[in-house]
Amino acid sequence: MPATPDAVGWRFDNTYARLPDVLFAPATPVAVAAPRVVILNHRLADELGLNLRAMTPERSAAVFAGQDLPPGTQPIAQAYAGHQYGGFTMLGDGRAILLGEHRTPSGELFDLQFKGSGPTRFSRNGDGRAAVGPMLREYVISEAMAALGIPTTRSLAVVRTGERVFRMLPQPGAVLTRVAASHLRVGTFQYAAALQDGTTLRTLADYAIARHYRELADAPAKYHAFFRAVQDGQAALVAKWMLFGFIHGVMNTDNVAISGETIDYGPCAFMNAYDPATVFSSIDRGGRYAYGNQPGITQWNLARFAESLLPLIDPDEETAVKLATDTLNEFPAVYERYWLAGMRRKLGLDTDEAGDRELVQGLLDWMQATKADFTNTFRDLTSELLLAGERYQDETFRAWHARWQERLRREGRPVAAVYEQMKAVNPAVIPRNHRVEEALKAAEERDDLTPLHDLLAALASPFEATPERAKYTVPPADETGYRTFCGT
Ligand code: AMP
Ligand code: MG
């Protein structure tokens, strides 16, 4: 039974901890020296039915540093495996602890997880800790993603631990509280499949279906349908990443959520100048997870998911492989549908025409050739003054623009209305790398939270362009050599 809500409104119902115990290990957050709140997400708390204002700042710090656990929690570290850069490894939560699942007043279930709260059974050689910079980075980017309408885990709190963690240099330690539809990953299924115990695998799949795809519970061939539903969710998700220029950076199978949410914000970043080969992650030397590779890698990751589900899809292996492969082969078309529908919206098109794919490609090619900013180009298209702009004088662009205008005329809506519609899907503000770095640096080094709060305020309504926000719309002057890190 869920615990009765106290003044904050916690209602934990720890369903994961009732699964077969090979799937997790009990875990306890370590004691830390001097917990102190950096940021609390009151807006998210409200959505979850949690009143964090019922706690003093000291109590909040203790709670979100794992020193004073909310009632009804049952902390565990989840076991999982994963293909990291193509190689299979047994992993697990090495620096994360699941407190349990909180049930909101409307009945939805969300994981509450600490990241950086000390070692677990799965820590291997790691210290289980996290530094304040990367935890704030996850907070900023995940909240930006949510405001853009991209399915994502959320960030409820970041607290400093008052201790130092040792990376390349000593850094201030911190704990992030992450909220997720669940932390079930492709890697969780790979782990269960590696156990070669059919019961655990089936129990896990039934659990995932009950949590995320309830409509399939009584479907015929339900595990095959489950695979297809996850594939559909991934196609929809990655199409959104592509439409907003988001580069995840570390699309290992342990970082692919069954729920269809974006998870694990390490070396991720938004692209500025359009180039499919864009990579920011310092460790992605081969460009495996480059912007333009994301749909293909998603299909590769889904193939690993399908492999782990084979015994459930059909008792006859050959039949199972055939069924799974046929579905997997549908991925490119499913992805393309989501992507093209999104691109049509970005260009203000309401109808489908055969030449639309080419129209979109024409713009992308021009952007690549001229190193145009991906986000700003789409936004600029909504300006009546576009063609007066210095950047839009070249002939290729003008020819493309004429073709697009002609296409719009065939739809017959007034351009002003079309442009308004476009502004609602083409953001003015994205988390520009230099602005994110600047805000994190101020918070980390000077304990100055003003740039962080200003940035978060702009990111919270990304489709609004106001003069005060102009600085958040300017791409970095020179980004050669900008690198992101896993933060581990
Ligand atoms: P990630 O690259 O963040 O997806 O992490 C890959 C794996 O490394 C996961 O199993 C993490 O739990 C683990 N890991 C990352 N950082 C640490 C750390 N500081 N201590 C222990 N395990 C870690
Ligand atoms: Mg991970």
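Ligand 1 is surrounded by 18 residues, the closest being Gly92, Gly94, Asp127, Gly128 and Asn255 (a residue is near a molecule if one of its heavy atoms lies within 4 Å of it). This is a predicted model, in which local features need pLDDT of at least 70, side-chain atom pairs count only at pLDDT 80 or more, and totals for chains, interfaces and linings use all residues. Residues are numbered from 1 along each chain as its sequence is written, chains are lettered from A and ligands numbered from 1 in the order in which they are written, and side-chain values use heavy atoms, with hydrogens and water left out.

**Domains**

- The chain is divided into domain 1 (12–182), domain 2 (187–334) and domain 3 (347–423), with bounds from an automatic or database domain assignment.
- Ligand 1 lies between domain 1 and domain 2 because both give residues to its shell.
- In domain 1, 37 residues are in contact with 41 residues of domain 2 (contact means heavy atoms within 4.5 Å).
- The C-alpha centres of domain 1 and domain 2 are 23 Å apart.

**Ligand 1**

- The shell around ligand 1 holds two nonpolar, eight polar and eight charged residues; Gly counts as polar, and Asp, Glu, Lys and Arg as charged.
- A polar backbone atom of glycine 128 is 2.8 Å from a nitrogen atom of ligand 1.
- A side-chain N or O atom of aspartate 264 lies 3.1 Å from an oxygen atom of ligand 1.

**Magnesium ion**

- The magnesium ion (ligand 2) has Asn255 (OD1) and Asp264 (OD) as protein donors, 1.8 to 2.2 Å from it (donors are N, O and S atoms within 2.8 Å of the metal, or 3.2 Å for Na, K and Ca; water is not among the atoms, so sites may look incomplete).
- Asparagine 255 counts as buried because its relative accessibility is 9% (buried means under 20% relative accessible area, exposed over 50%, partly exposed in between, with a 1.4 Å probe and protein chains only).
- Aspartate 264 is also buried, at 15%.

Note on methods:
A polar contact is a pair of N or O atoms within 3.5 Å; within protein, one must be able to donate a hydrogen and the other to accept it, and residues adjacent in sequence count only if both atoms are side-chain atoms.
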